[in-house]
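Here are some notes for a colleague opening this entry. They are meant to be read beside the structure.

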Amino acid sequence: MTEQWDEDYDLVVLGTGAAGLSTALTATNEGLKVLLLEKGDLFGGTTCYSAGTCWVPGSRYVREAGIADDLAKAETYLDALVADRGPKDMWMAYLTEGPKMIDYFEGLGVRWIPFPAFVDYYPELEGSGRGYRALEPEPFEGKKLGRVDFSHLRGPVPEFALFGGQLMVRRKEVSKLLHLFDGQGLQRAEVATTAVPLGVRWLADLARRWPRGTRMVMGNALIANLYYQFKTRGGRMWLNAYTTELLTDGERVTGAVVEYQGLPRRVRARQGVVLAAGGFPASPELRNKYLRRPAAQYTRAADTCTGDTFSLAESVGGTVGPEDENGALWFPSSVGYRADGSIAVFPHIWDRAKPGMIAVNGAGKRFTDEARSYNHFVRAMYESHEAGVPTIPAWLVADHDHMMKYGLGMIYPASVGPLMQHWLDTGYLVKDATLRGLATKIGVDPAGLEETVRRYNVDARAGHDTEFGKGESEYSPQYGDPRHTPNVNLGPLEQAPYYAMAVHPTPLSTGRGLAINPTGQCVRDDGSAIEGLYACGSDAQQVFGVQYPGGGCQVGAGMIFGYIIGRHAARRGA
Ligand SMILES: Cc1cc2nc3c(=O)[nH]c(=O)nc-3n(C[C@H](O)[C@H](O)[C@H](O)COP(=O)(O)OP(=O)(O)OC[C@H]3O[C@@H](n4cnc5c(N)ncnc54)[C@H](O)[C@@H]3O)c2cc1C
């Protein structure tokens, strides 16, 4: 049948996060004519909110550092962690193609900086890594995008940058800036040498009428650079483009109907259509359908990631991957109102590991080692809740010393007066002179909380958490306070007043997704590939059986499978 096409492309990619852009850039570089589609008016998706960390064992950075880590070791780790939860051929594709992806993108101008001491999330398992697997995107000069594209790039999480999202800072810089609050006079010089150049550059950007700082880091840097390289090679992107239908020629996907600038357009996709629309973290319906109960009510993911592509894939025989108990990888997040009244969902990534804070359930009892990974923490919330003690939300409880030194959630260290009052007035933070009074205010068993803190304080002074071993996993000390002794994660709660903050389960990425094979092709229930249809990133079933091996495995999956798909589609074209 002769089709009438309005537009003619080799590959059409839905979604502009790490997964979509990795696919689009690879395919363009391999000689395909690519159309990148974004449903919203901003590109970059949840990846722009992320740290952009990418988990790739065995890359050139490991070799260059001369450390003993290789793919065989990573395979041992994943065998232990994933076991029969996820198909080995999928995560072996991740492992073997990961280092190749890094080399390939290096050649395209997309580079990384390894974290030399970032410990994997299950250091107790054989084969776990102690550094160089988690990679940070190299900072990017945002001015290269030009003013129009710059203004269409999704910004960072406002609370993860300075001045409400204006000035982005790297993790390393945050640690230095926090010396401002730790009373270490000598280290103040470090604060100045970090803050002054950042501030001067930001002010210069504002003077030249850029809407925010143009020095991009983390997820913003990754997306800006991927898009810049894609566009430089002739790639094309449509914003506000919504795909209503996949078109097939018998069994094979050959194009799509896309609503763009008010018109439905039949877009030909000679080598196929790629679904990379970021999963369903922002869809209340799909969260209720696929996630652990009680289903998450909030998310810090992009509000446009609503799982639209699932029904597109299902319309041509695609299927959602197997069920697992969680359906997502998790952040515990607090939810509060900013000064302008907008709602903010704040993922607690680091602050749980600082001394002087515990997490408790409705019985006022601790339920886990608070300093372990965010995914670990939320799973423990669910386990405690399912065991019959209300733990959703759970409560972070801290003393005054902790609040002044480290802050909590969206509250900066040393917040006093109106800065603190806003959070108390809006209910984000609860305060009381006694633990008993605090427990009553938050609906937690008062005697339980008092006894928990009494017992915890004895352990904290001795430097050994007899209940959950806080600070004893190799993972935990990296986010503790290095000056705190005898245990960098463990400090008593003894200085009134006391504070509490509710945390809720929120998907950092949904894990249920479209079933794919190791070349990224969507598959039917019987495992056969659907020609011309691919999925990757959070749109695809998580490759590690919805386990979380190490920081960066979601951006990693998007980057690696995007690279695999881009090359696969180009080979088919050839
Ligand atoms: C605060 C935060 C920090 C995180 N940090 C990390 C980290 O450092 N490392 C890590 O590995 N993971 C991290 N994650 C998770 C990670 O960011 C995501 O899993 C990952 O970025 C998803 O990438 P993606 O390309 O699949 O989707 P996204 O980056 O979400 O991009 C999907 C895009 O598709 C668009 N879209 C949606 N529907 C359609 C449609 N129908 N047509 C066209 N476009 C559509 C969306 O608007 C969006 O722009 C973090 C998550 C959060 C919330």
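1. Helices (H or I, at least four residues) and strands (E, at least two) are DSSP runs, numbered from the N terminus. With that numbering, α1 (18-29), α2 (45-49), β17 (498-510) and α17 (553-573) each give at least two residues to the shell around the ligand. The largest share, four residues, is from α2. Please keep in mind that this is a predicted model.

2. The ligand is surrounded by 35 residues. Glu38, Thr47, Thr304, Ser538 and Val555 are the closest. Sorted by class, the shell holds 14 nonpolar, 17 polar and four charged residues.

3. Polar backbone atoms of the protein face the ligand at several places. Gly45 has one at 3.2 Å from an oxygen atom of the ligand. Gln554 has a polar backbone atom 3.0 Å from an oxygen atom of the ligand. The ligand on its own has 1000 Å² of accessible area, and the protein covers 98% of it.

4. Is Thr53 buried or exposed? Its relative accessible area is 12%, so Thr53 counts as buried, the cut-off being under 20%. Thr53 sits in the loop between α2 and β3. Beyond its neighbours within four places in sequence, Thr53 is in contact with Phe115, Ala134, Leu135, Pro137, Gly551, Gly552 and Val555. Val555 is also one of the residues closest to the ligand.

5. Which strands pair with β15? Strand β14 (residues 357-360) pairs with β15 in the antiparallel sense over four bridges, with Trp395 in β15 as the bridge partner of Val360. Six bridges join β15 to β17, and these two strands run antiparallel. In that pairing, Asp399 stands opposite Tyr498 of β17. Through β17, this part of the model leads back to the ligand, as β17 supplies at least two residues of the shell.

6. The strand β15 (residues 394-399) is mostly covered, with six of its six residues buried. Both of its faces are covered. On one side are Ala394, Leu396 and Ala398, and on the other Trp395, Val397 and Asp399.

Note on methods:
Residues are numbered from 1 along each chain as its sequence is written. This is a predicted model: local features need pLDDT of at least 70, side-chain atom pairs count only at pLDDT 80 or more; totals for chains, interfaces and linings use all residues. Side-chain values use heavy atoms; hydrogens and water are left out. A residue is near a molecule or strand if one of its heavy atoms lies within 4 Å of it. A polar contact is a pair of N or O atoms within 3.5 Å; within protein, one must be able to donate a hydrogen and the other to accept it, and residues adjacent in sequence count only if both atoms are side-chain atoms. Accessible areas come from the Shrake-Rupley method with a 1.4 Å probe; for residues, only the protein chains shown count as cover. Ala, Val, Leu, Ile, Met, Phe, Trp, Tyr, Cys and Pro count as nonpolar, Asp, Glu, Lys and Arg as charged, and the others, Gly among them, as polar. Buried means under 20% relative accessible area, exposed over 50%, partly exposed in between (1.4 Å probe, protein chains only). Contact means heavy atoms within 4.5 Å. Two strands pair if DSSP finds at least two bridges between them.
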